[in-house]
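I wanted to look things up one by one and write down what I found.

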Amino acid sequence: MSFDVQALRAEFPILSDQVHGKPLVYLDTGASSQKPECVIEAMSQYYRHQHANVHRGIHQLSQTATDAYEATRDKVAQWIGANRREEVIFTRGTTESINLIAQTWGRTQVRAGDRLLVSELEHHANLVPWQMLAQSTGAELVKIPLLPDGTLDLNVYEAELARGAKLLAITEVSNALGTILPLADMIPKAKAAGAVVVVDGAQAVPHHRVNLAEMGADFYVFSGHKMYGPTGIGVLWGRFDLLDSLPPWQGGGDMIEHVTFEASTYNTLPYRLEAGTPAIAEGIGLGAALDWLNSIDFDAAVAHEHEVFDYARQQLKQIPGLRLIGEADEAAGAISFAIEGMAASDLGTLLDHQGIAVRTGHHCAMPALQAMGVNGTTRASFGLYNSRDDVDALIRGLNVARDILA
Ligand code: PLP
């Protein structure tokens, strides 16, 4: 394969570190990716030489900071195929983006008796805000159930759509099971049924190219820290007319046009939905992450990551007593598994002592795991920088853990 994973790894300082005296094997990218040097450097440069508040200052530094921060909006729009930069709203992350939609669109558009379709596979971030909305409005939360292989029951989906749907809230890629959902098939049906479609792209954006113009969703959300950028910054993308119809969310600086003591008029998009001083360094860091993604051969890197993912699935299946939790043909990023007689937390601890970072537990997707008949799993999740060596280390580590726990 022409893709040079070692050269790519060399750009991530942390990947040369040791944990418990062992070389780090990082298999927790689903929780948060590591950062290339250029992202760390861009944020450091900002604080060393460019720091000032954005949007307000007449002085040079404020202009420089504003230009660097706002350039990220263009880079995001270009990366996801948005029609207009004003459709890109900066938030703290996926969670905040979904809460923003639930509390603006939801509070004004959803009424008692409306049906909110949510898949059983969702991260809590794409479930709990809709539960809260249903509770406050009297709307009905409707489940699209999981099948035993970790895919959705599309027959139930169509039957529920036929009964009416105000909303479809759906992930593109499952953080817990790795399942890639058939959105190209699902979204047109939801639109035909009159639903507003919210897609959680947190686990999709790092793993393949996204084209929102083609996807047909109304809202699309993701986090910077899972796509090689910093924590504290994320994106809410929405169709311009829909975003423009939303009432303001938080009130404060930047989101206003004119204020008297009694009342205010509001700014235009995107600022109307971005009250207060934003995460400036983080925004600049996200811009650097996008520059980095544009600078590598992303398609080759993605192909490499998928190859490592498939190799990991095959190798894990060879371990006696190991059961994959979720075996969808279309999957990316995360592999969940359980080993008979061994608690996930024990496995995770024993792997950690060997320098291998995996995640254990419910992965913020308790209903999905309940549907799969488990309380928790061990999850290995992958990024562009993982290699077959990482998989081999995981397998060795699991065999050591089995010997200790046996
Ligand atoms: N949705 C999915 C699919 C996720 O994987 C995550 C994080 O793991 C989230 C939402 C929440 O993201 P954040 O914590 O960055 O807001």
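My entries on this predicted model follow.

**Entry 1: helix 7**

I started with helix 7, residues 183-192. Which residues of helix 7 are buried? I found Leu183, Met186, Ile187 and Ala190. These four cover an arc of only 95° around the axis, so they sit on the same side of helix 7. I then checked the other side of helix 7, where Ala184 and Ala192 are exposed.

Next I asked what the buried residues of helix 7 pack against. I noted two helices, helix 6 (154-162) and helix 8 (212-215). I also noted strand 7 (167-171) and strand 8 (196-200). After helix 7 comes Gly194, and its phi is positive, near 90°.

**Entry 2: salt bridges**

How many salt bridges does a search of the whole structure find? I got 24. I looked up a few of them.

Arg359 and Asp28 meet through their side chains in a salt bridge, 3.2 Å from N to O. The two partners are 331 residues apart, so I checked where each one is placed. Arg359 is in strand 16 (residues 359-361). Asp28 is in the loop between strand 3 (25-26) and helix 2 (37-50). Buried or exposed? Asp28 has a relative accessible area of 8%, under the 20% cut-off, so it counts as buried. Arg359 is partly exposed, at 37% relative accessibility.

Then I turned to Glu160 and Arg115. Their side chains form a salt bridge of 2.6 Å, N to O. Glu160 lies in helix 6 and Arg115 in strand 5 (residues 115-119), so this pair ties together parts that are 45 residues apart in sequence. Glu160 is buried, at 14% relative accessibility. Arg115 is buried too, with a relative accessible area of 11%.

I also looked up Arg388 and Glu307. Their side chains meet in a salt bridge of 2.5 Å, N to O. Arg388 belongs to helix 14 (residues 388-405), and Glu307 belongs to helix 11 (residues 298-317). The pair is 81 residues apart and links distant parts of the chain. Arg388 is partly exposed at 38% relative accessibility. Glu307 is partly exposed at 25%.

Which residues are linked in a network of salt bridges? I wrote down Glu70, Arg73, Asp74, Arg85 and Glu274.

**Entry 3: a surface patch**

I went back to helix 14 for Ile404. Ile404 has 53% relative accessibility, over the 50% cut-off, so it counts as exposed. With Val400 and Leu405, Ile404 makes a nonpolar surface patch of about 230 Å².

**Entry 4: Arg239**

Where is Arg239 found? I located Arg239 in the loop between strand 10 (234-238) and helix 9 (240-244). Its relative accessible area is 30%, which means Arg239 is partly exposed.

I listed what Arg239 touches, leaving aside neighbours within four places in sequence. The contacts are Glu87, Lys191, Ala217 and Asp218. The side chain of Arg239 also has a polar contact of 2.8 Å with the side chain of Asp241. The C-alpha atoms of Arg239 and Thr94 are separated by 17 Å, and the two residues are 145 apart along the chain.

**Entry 5: Asn99**

I found Asn99 in helix 4 (residues 94-109). Asn99 counts as buried because its relative accessibility is 17%. What lies 2.8 Å from a polar atom of its side chain? I found the backbone oxygen of Thr95 there.

I ended with the backbone. Leu269 and Pro270 are joined by a cis peptide bond, with omega about 0°. Pro270 lies in the loop between strand 12 (264-266) and helix 10 (280-295).

His20 has a phi of about 50°. His20 is in the loop between strand 1 (18-19) and strand 2 (22-23). At 47% relative accessibility, His20 is partly exposed.

Asp254 has a positive phi as well, near 75°. I placed Asp254 in the loop between helix 9 and strand 11 (256-259). Asp254 is buried, with a relative accessible area of 15%.

Methods. Residues numbered from 1 in each chain as written. Predicted model: local features only at pLDDT ≥ 70, side-chain atom pairs only at ≥ 80, totals over all residues. Heavy atoms only, no water. Buried < 20%, exposed > 50% of the residue type's maximum accessible area, 1.4 Å probe, protein only. Polar contact = N/O pair within 3.5 Å; in protein donor to acceptor, adjacent residues only side chain to side chain. Contact = heavy atoms within 4.5 Å. Arc of directions from axis to C-beta. Salt bridge = Lys/Arg side-chain N within 4 Å of Asp/Glu carboxyl O. Patch = residues over 30% accessible without salt bridge, like charges linked within 9 Å, V, L, I, M, F, W, Y side chains within 5 Å. Areas by Shrake-Rupley, 256 points an atom, 1.4 Å probe, with all protein chains shown as cover.
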